[in-house]
Amino acid sequence: MTDPARIDVHQHLIPPDRSGPMAERAAALGWPSPAWDKPSALAMMDLRSIATGILSFPAPVAPPDDPAGARTGARSVNEYTAEIVKDRPDRFGHFATLPLPDVDAALAETAHALDVLNADGVLVLSNIFGRYLGDPAFEPLWAELDARSAVVLVHPTAPPVAPVPGLPSPLVDFPYDTARTALHLAVHGVPGRYPRLRLILPHAGGFLPYAADRFAVAARLDPDATPAGLLSELRRFYFDTAISGGPASLPSLLAFAQPGHVLYGSDFPMLPEDWGTGFDTGLDDYPHWGPEELHAVNRGNAERLIPRLARS
C-alpha cells in the first residue's frame, strides 16, 4: 500500500524569474520543458502521498564567467525558496543552491542558508563546469559542511562531453555523471575524510550500485588503496529512488546501499507526471521488501537525516 506520509528528498521548484532559462536549458538538453508553481506542487504531493517535499533548484544560476551573477542568483533562489517553506514548513523543506565554483562565496552562502534561512541542507551539481567534486579546490567547502553535519544533494548535470544525437542528456548522461562524480569523490577520500557529511546521490546513484565492483578496480591505481576499501567509501553515500523504482533497478540498489541509506524521491517537475507515478507504483509493488523497509525508504530514513520532520 502507498505510504501516506512520504518525505520527498528530491523535489524541485522553479522561481518565476528562472522559468525562461529553465525552459531553454531543457530544450538544449532534449528534455520536456518543466513548469512549476506551489499549487501544482501541493496537488501532486497530495496525489502521490507525499507529506513533505524538500525543494531545490537543479541548474546553474549563472554562466561560469559570471561569479557575481552566481552569488546574486543563488541568494535570490534561496530566499525565494525559504519563503515557500516559511509559509508551509509542514509541506516543504529546502536544499540551498551554492554559487560554485567560487568556494569563498559558497561558504558564505552556506552560512546564510543554514543559519539565517534555516535550510535543511544544500545542493551541489555533479560537476561544476567540468570540475568534479573530488577536486582539492572544494576541500574547504566539504570541511565546513562536515563540521555542520550537513545533508548534501549531489544533483546530476550534463557532463563536459558532447551528447549523443537523439538521446536526451538527462536520460543517459545524468546517471553517468552521478556515477562519475561519486567515484571521483571516493577516489579522493572525501566521504571517509568527512564522515559527518550525508551525501545523497539521486536516481539510485546512476550506474554506481550496478557497476560498483567494476569501479572499485580504480583502487588498483593507488598502491595504498584496496578495492574493498574503495567499496566501503562508495557505500557511505545515500541514494534516492527518483525515476528508479523498477524491478531491475531496485535489487541492485538495495543490495549495495547500507541499511537506512535509501530515500524516496520524485524529481517533480522534471519529468511528466504519468512517468513519475509509474515509478511510485514500482516501489509500492516491489515484492521483496522486508518488514518496515518500504516505510523506512518512504519516510523513516529521511527523518533521521532531517530530524525536524520526524513524527512523534
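In strand β4, G121, L123 and L125 point one way while V122 and V124 point the other way, and all of them are buried; buried means under 20% relative accessible area, exposed over 50% and partly exposed in between, with a 1.4 Å probe and protein chains only. The structure is a predicted model, in which local features need pLDDT of at least 70 and side-chain atom pairs count only at pLDDT 80 or more, whereas totals for chains, interfaces and linings use all residues. Residues are numbered from 1 along each chain as its sequence is written, and side-chain values use heavy atoms, with hydrogens and water left out.

Strand β4 spans residues 121–125, and five of its five residues are buried. Strands (E, at least two residues) and helices (H or I, at least four) are DSSP runs numbered from the N terminus. In a regular strand the side chains alternate between the two faces of the sheet. Strand β3 (residues 92–97) runs parallel to β4 and is joined to it by three bridges; two strands pair if DSSP finds at least two bridges between them. F95 has G121 as its bridge partner in β4. Between β3 and β4 the chain passes through helix α4 (residues 103–116), in a β-α-β crossover that is right-handed, meaning that with the strands pointing away from the viewer the path from the first strand over the helix to the second runs clockwise. β4 also pairs with strand β7 (residues 151–155), in the parallel sense and over four bridges. In this pairing V124 is opposite V154 of β7.

The largest nonpolar core contains 89 residues, of which L100, W142, V152, I200, L208 and F237 touch the most other members. Such a core is a set of buried Ala, Val, Leu, Ile, Met, Phe, Trp, Tyr and Cys residues joined through side-chain atoms within 4.5 Å. Beyond residues up to four places away in sequence, F237 touches A182, L185, P191, L199, L201, L208 and H261, where contact means heavy atoms within 4.5 Å.

Three aromatic pairs are found in a search of the whole structure. Rings of Phe, Tyr and Trp (its six-membered ring) pair if their centres lie within 6.5 Å; planes under 30 degrees apart count as stacked, over 60 as edge-to-face and the rest as tilted. For F239 and F256 the ring centres are 6.1 Å apart and the planes are at 75°, so this pair is edge-to-face. Because F239 lies in strand β9 (residues 238–240) and F256 in helix α10 (residues 249–256), the pair ties together parts that are 17 residues apart in sequence. Both F239 and F256 are buried. The pair of Y286 and W289 is also edge-to-face, with ring centres 5.3 Å apart and planes at 75°. Y286 is buried at a relative accessible area of 12%, and W289 is buried at 17%.

T52 is in strand β2 (residues 50–56) and is buried, with a relative accessible area of 4%. The T52 side chain reaches the backbone oxygen of D90 at 2.7 Å. Apart from neighbours within four places in sequence, T52 contacts R6, I7, D8, M45, D90, R91, F92, G93 and L309.

M44, in helix α2 (residues 38–47), is buried with a relative accessible area of 4%. Not counting residues up to four places away in sequence, M44 touches Q11, I50, S266, F268 and E273. M44 and P269 are 225 residues apart in sequence, with a C-alpha to C-alpha separation of 9.3 Å in space.

Conventions: Polar contact = N/O pair within 3.5 Å; in protein donor to acceptor, adjacent residues only side chain to side chain.
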